[in-house]
Amino acid sequence: MTNIRIAPSILAADLSRLGDEVRDVLDGGADYIHVDVMDGYFVPNLSFGIPIVTSLRKAFPEAFLDVHLMIKQPGRFVKAFVEEGASLITIHAEADDPAYIGLALNEIRAHGVRTCVSLRPKTSISALERWLDDLDMVLIMTVEPGFGGQSFMLDQLGKIQELRAAIEARGLNCDIEVDGGITAKTAPLAIEAGANVLVSGSAVFGRKDRRTAIEELRCR
Ligand code: DX5
Ligand code: ZN
């Protein structure tokens, strides 16, 4: 059976106690810590940025920091996120001209950090064509990016299946992450379609017992 990794999104954490919240999910078995960076321009919301990665890296030297950049022209900031300790950086296919997306991916890779490209619900997997062979992960958004607590878009399951088939046909070692509306109900659907990394904000941080919440998402 595929090894499912769980990435709690700190967007749903109590940010006044961020260190304790992150410690709690790591103790509860979280594989990654998902950091949602929003610029109020690529998405209609603002969240947090580079200093959060700096602080988390200092407090949790071993944690896998999965940084999801929902920002326009992400190439402007990848160096800073890399230097502050991101383990993996996701940029959106729609966030810039493809040539600049390619340059940003090269820069992330050159620093030994993992690369991921994300697709909004309306973007088809053909947008990945020129990068897929070299990516460590693809993030399929299962809500419109920008806010936590939205409902999972069932119409994205076909896209996950299509992507999993493409990855297998090419013999690639590329993870598929899903983000948005992942709960104990929707997680099995995403896994069945081919996802192996699950982001979850409210379904983990909205629960008291984070270990149980994480175990439920893993669907073992
Ligand atoms: C949405 C963010 C998500 C969000 C998920 O734009 O990318 O990571 O935190 O939140 P839930 O799991 O509550 O849908
Ligand atoms: Zn996210």
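For the sorting of residues used here, Ala, Val, Leu, Ile, Met, Phe, Trp, Tyr, Cys and Pro count as nonpolar, Asp, Glu, Lys and Arg as charged, and the others, Gly among them, as polar. Sorted in this way, the shell around ligand 1 in this predicted model divides into seven nonpolar, 11 polar and two charged residues.

Ligand 1 sits in the largest pocket, with 20 residues around it, of which Asp36, Gly146, Asp179, Gly201 and Ser202 come nearest. Strand E2 (33-38), strand E3 (65-70) and strand E8 (197-200) each supply at least two residues of this shell, and E2, with three residues, gives the most.

| Residue | Part of the residue | Distance to an oxygen atom of ligand 1 |
|---|---|---|
| His68 | N or O atom in the side chain | 3.3 Å |
| Gly146 | backbone N or O atom | 2.7 Å |
| Gly149 | polar backbone atom | 2.9 Å |

Of the 380 Å² of accessible area that ligand 1 has on its own, the protein covers 98%.

A further feature concerns aromatic rings. A pair of aromatic rings is described by the distance of the centres and the angle of the planes. The count comes to one aromatic pair, formed by Tyr32 and Phe64, whose ring centres are 3.9 Å apart and whose planes stand at 20°, so the pair is stacked, the cut-off being planes under 30 degrees apart. This pair links distant parts of the chain, 32 residues apart, since Tyr32 lies in the loop between helix H1 (18-27) and E2, and Phe64 in the loop between helix H2 (50-59) and E3.

Technical notes: Residues are numbered from 1 along each chain as its sequence is written. Chains are lettered from A and ligands numbered from 1 in the order in which they are written. This is a predicted model: local features need pLDDT of at least 70, side-chain atom pairs count only at pLDDT 80 or more; totals for chains, interfaces and linings use all residues. Side-chain values use heavy atoms; hydrogens and water are left out. A residue is near a molecule or strand if one of its heavy atoms lies within 4 Å of it. A polar contact is a pair of N or O atoms within 3.5 Å; within protein, one must be able to donate a hydrogen and the other to accept it, and residues adjacent in sequence count only if both atoms are side-chain atoms. Accessible areas come from the Shrake-Rupley method with a 1.4 Å probe; for residues, only the protein chains shown count as cover. On a 1 Å grid over the protein atoms alone, a cavity is a set of points where a 1.4 Å probe fits but cannot get out, and a pocket is an open set with protein on both sides within 12 Å along at least five of seven lines; lining residues have an atom within 4 Å of a point. A molecule sits in a cavity or pocket if more than half of its atoms lie within 2 Å of its grid points. Helices (H or I, at least four residues) and strands (E, at least two) are DSSP runs, numbered from the N terminus. Rings of Phe, Tyr and Trp (its six-membered ring) pair if their centres lie within 6.5 Å; planes under 30 degrees apart count as stacked, over 60 as edge-to-face and the rest as tilted.
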